[in-house]
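Could you walk me through this protein fold, one piece at a time?

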Amino acid sequence: MKKINQIISVFISLGLFVAVVFSSTPAYAAYSSGTLVSMTNSERAKNGLGALSVNSALTSAATAKANDMLSKGYFSHTSPDGRTPWDFITAAGYNYTYAGENLAIGYSSASELMSAWINSQTHRDNILNSKFREIGMAVVSGKYNGVETTLVAQEFGAQVASEEQPAAQEQSQETAGESNQGNSTPTPAPTTSVAPIDINKTKSNYKPDSIFENEEIEIQAIVTGQAQTLEAQVGESKANLLENGAVSSNGDEKTYTAKLKLTKAGNFDVVISATGREDAKDTENIGKVEVKPALITNGVSSSAKTAGFKETLKDVWIYIVIGGVLLGVAGYFVFRHFKFGKLTKLSTASWDL
């Protein structure tokens, strides 16, 4: 009986040893945003691209987005209250011409996360986008749907050049001055000729030029003449700028602004079409927009309990092997000092339960 108790003690000790090893391994990441920024710039360098500078406003946007996802329990580029990445970036005070976002959840290793991003075409495109100049990152760990894990938000951007702003203000003032001068004299009576409808392709614009599925772009159509219909089309999605948009005037030009939600991934032309009186028409293709498929996840969105398991296994495999060897040695001594036949003669009566 004494020897049986010794055997049981050996197995209990080994079990506790293995349990301590596994419990000492964190279920969430220990890497930093700085590490991911360095790895991002390393990937850009491999492809002949310049390094991205860390921007405090983009870092604030990334932190706000990551904390928002963690506190509200969602994992998406669009929050439950409808805020897009561009809303977070703008709210942080970043005036962008180009912007992008990568998200990830459940990765306990920076190298594993970066590998997943690089192997995903849409996330790789953001990392290697030559238009981006700055970056902001946040790595936030905590309970997501009751399980410890890590959320990562990576924001990219290129700011509106400050030297361009005075020139834009000067142009606006000149246009307003010409309009006031024109209104200071009587307007001639209209003739029977119909003024053409004209879409200003140079001034008409949209932003951003890269979004994710089920997000919106904002389209501005600059039109001269009296528009009877005005429509923006991107792929299969259409927006009536006359009925659903906001209108502002600057002399003879009118600016129509509307948002258009895009639901399918792909690269699409942004086309504006207008008609005026007596069949006056104009159609302009003002550029392309990229609509990306959604997200990068390490399985947490479907079951957060699997977060970081593969990385955990990599870290503790040596202890598992050692535990297995110790169990084998213990088994050897058991069967060396006790004949198998003797063990089979042990009955429940031998165990004082």
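## Strands around β8

Let's start with β5 (residues 198-199) and β8 (residues 215-224), two strands that run antiparallel and are joined by 2 bridges. Strands here are DSSP runs of E with at least two residues, helices are runs of H or I with at least four residues, and both are numbered from the N terminus. Two strands count as a pair if DSSP finds at least two bridges between them. Across from Asp 198 you'll find Thr 224 in β8.

Strand β8 has other partners too. With β6 (residues 205-207) it pairs in the antiparallel sense over 3 bridges, and there Lys 207 stands opposite Glu 218.

## A note on the model

This is a predicted model, so keep in mind that local features need pLDDT of at least 70 and side-chain atom pairs count only at pLDDT 80 or more, while totals for chains, interfaces and linings use all residues. Residues are numbered from 1 along each chain as its sequence is written, and side-chain values use heavy atoms, with hydrogens and water left out.

## The five-strand sheet

Next up is an open sheet of 5 strands with mixed pairing, in the order β7-β14-β13-β9-β10. At its edges stand β7 (210-212) and β10 (237-240); each has a single partner strand, so one side of each has no neighbour in the sheet. From one strand to the next, the twist averages 30°; angles like this run from 0 to 180 degrees between N-to-C directions, using axes fitted as lines to C-alpha atoms (for helices, over the stretch in contact).

Inside the sheet, β13 (residues 266-275) and β14 (residues 281-292) are antiparallel and share 10 bridges, with Val 271 partnered by Asn 285 in β14. Strand β13 is also joined to β9 by 6 antiparallel bridges, where Leu 230 has Ala 274 as its bridge partner.

## A closer look at β9

In a regular strand the side chains alternate between the two faces of the sheet. Buried means under 20% relative accessible area, exposed means over 50%, and partly exposed is in between (1.4 Å probe, protein chains only).

Strand β9 pairs with β10 in the antiparallel sense over 4 bridges, and Gln 233 has Lys 238 as its bridge partner in β10. These two strands make a hairpin with 2 residues between them, and Gly 235 in the turn has a positive phi of about 65°.

## Buried rings and a buried helix

How many aromatic pairs does the structure hold? There are 2. Rings of Phe, Tyr and Trp (its six-membered ring) pair if their centres lie within 6.5 Å; planes under 30 degrees apart are stacked, over 60 edge-to-face, and the rest tilted. Trp 86 and Tyr 96 have ring centres 6.5 Å apart and planes at 45°, so this pair is tilted. Trp 86 is buried at 6% relative accessibility, and Tyr 96 is buried at 10%. Phe 132 and Phe 156 are stacked, with 5.3 Å from centre to centre and 15° between the planes. Phe 132 is buried at 3%, and Phe 156 at 0%.

Helix α5 (residues 110-118) has 7 of its 9 residues buried, so it is largely enclosed by the rest of the structure. Among the buried residues are Leu 113, Met 114 and Trp 117.

## Salt bridges

Side chains of opposite charge can pair when their charged atoms come close. A salt bridge here is a side-chain nitrogen of Lys or Arg within 4 Å of a carboxyl oxygen of Asp or Glu, and the structure holds 11 of them. In one of them, Glu 253 meets Lys 203, with the closest N and O atoms 3.3 Å apart. That pair links distant parts of the chain: Glu 253 is in β12, Lys 203 is in the loop between β5 and β6, and they are 50 residues apart. Glu 253 is buried at 19% relative accessibility, whereas Lys 203 is partly exposed at 42%.
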